[in-house]
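Please examine the sequence and the structure shown below.

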Amino acid sequence: MNAQPDFTGAADGGVRILPLPAFNDNYIWAVVRDTSVVVVDPGQAEPVQRLLHEQGLTLRAILLTHHHADHVGGVTELVAATGARVYGPALEVLPHCDVLLGEGDSVELPDVGLSLSVLDVPGHTAGHIAYAGKAAGRPVLFCGDTLFAGGCGRLFEGTPAQMTDSLRKLGTLPEDTSVFCAHEYTLANLRWALAVEPANRTLQQWYERAQQLRAEGVPTLPSWIGQERATNPFLRIQEVDVAKAAAAWAGRVLSSPVDVFASLREWKNNFK
């Protein structure tokens with residue numbers, strides 16, 4: 001099993017990617033180089049303002065993935081204080097947005113070494129987007145609430161077919177792509193994943209490692225695409241054991257990958 005990616009140092013082009021805890025289990029991701037910073041999904045302004053003050057940084061830009069309050073609640077205050085440029089999904093109503101984005105658009109933020117492409121990933125919300133590309137040459141994904149370590153977002157506005165397609169897009173990214181999702185849901189997700197695939201040794205090892213990290217007060221994130229392909233049931237709907245488990249839970253034949261996904265999502269929704 002590969003080691004967890006570490007972006008907290010400044011070895012690669014001087015770029016650090018830091019998790020700023022917010023609310024109970026959110027992470028605002030801060031991409032820092034020299035005195036510049038870009039943040040992703042600032043649901044609260046205060047953690048970002050504290051970082052700016054403590055490290056003498058200038059907020060250059062804000063990237064938004066979707067409209068939920070725990071991802072955009074700090075935007076207005078941060079823009080008023082810093083004048084940062086805001087990028088976000090074109091199909092969602094946001095408190096502030098300077099650059100509206102959809103699939104095929106790109107975001108170049110050289111101050112912090114970010115070069116990103118935009119992907120439409122509806123499912124959690126209707127207009128959700130993700131940012132995939134490079135941070136100082138290293139492959140990264142900022143995916144909001146679409147993909148989690150061991151899980152995926154609930155379907156508040158989209159359909160199982162949409163989310164299946166969105167996760168397929170993310171799952172085909174290079175396996176060493178670091179996954180910066182927006183919530184510390186990993187332990188709960190992996191407990192459920194083990195109910196789906198109890199014999200998956202890689203998943204067992206990842207759960208043990210995640211428990212250790214949380215016991216030490218360390219984030220389990222970022223994950224990476226290769227790890228998610230090997231352990232996340234929602235990226236494994238074509239695997240025979242996963243499909244069988246989903247059908248057994250549903251108590252019926254599942255005739256397509258979308259049906260497998262829908263069964264898994266319902267299972268996770270009700271898992272205790």
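Two residues are said to be in contact when they have heavy atoms within 4.5 Å of each other. The model considered here is predicted. With that cut-off, L141 touches A130, Y131, A132, L147, L170, L173, T177, S178, V179, F180 and I225, where residues up to four places away in sequence are not counted. L141 belongs to the largest nonpolar core, which has 64 residues. Together with I17, Y131, F142 and L264, L141 is among the residues with the most contacts inside that core.

The helices may be considered next. Helix α5 spans residues 186-196 and helix α9 spans residues 257-269. Their axes come within 11 Å and cross at roughly 125°. Angles from 65 to 115 degrees count as roughly perpendicular and those over 145 as roughly antiparallel; α5 and α9 are therefore oblique to each other. Their crossing is right-handed. On the α5 side, A188, N189, W192, A195 and V196 meet L264, W267 and K268 of α9. By class, this contact has six nonpolar residues, one polar residue and one charged residue. L264 of α9 was also named above for its contacts inside the largest core.

A second pair consists of helix α1, residues 46-55, and helix α3, residues 75-82, whose axes come within 9 Å and cross at roughly 30°. Because angles under 35 degrees count as roughly parallel, α1 is roughly parallel to α3. Here V48, Q49 and L52 in α1 meet E77, L78, A81 and T82 in α3. The residues of this contact divide into four nonpolar, two polar and one charged.

How values were computed:
Residues are numbered from 1 along each chain as its sequence is written. This is a predicted model: local features need pLDDT of at least 70, side-chain atom pairs count only at pLDDT 80 or more; totals for chains, interfaces and linings use all residues. Side-chain values use heavy atoms; hydrogens and water are left out. A nonpolar core is a set of buried Ala, Val, Leu, Ile, Met, Phe, Trp, Tyr and Cys residues joined through side-chain atoms within 4.5 Å. Buried means under 20% relative accessible area, exposed over 50%, partly exposed in between (1.4 Å probe, protein chains only). Axes are lines fitted to C-alpha atoms, for helices over the stretch in contact, and angles run from 0 to 180 degrees between N-to-C directions. Helices (H or I, at least four residues) and strands (E, at least two) are DSSP runs, numbered from the N terminus. A crossing is left-handed if the near helix is turned anticlockwise from the far one by less than a right angle, and right-handed if clockwise. Ala, Val, Leu, Ile, Met, Phe, Trp, Tyr, Cys and Pro count as nonpolar, Asp, Glu, Lys and Arg as charged, and the others, Gly among them, as polar.
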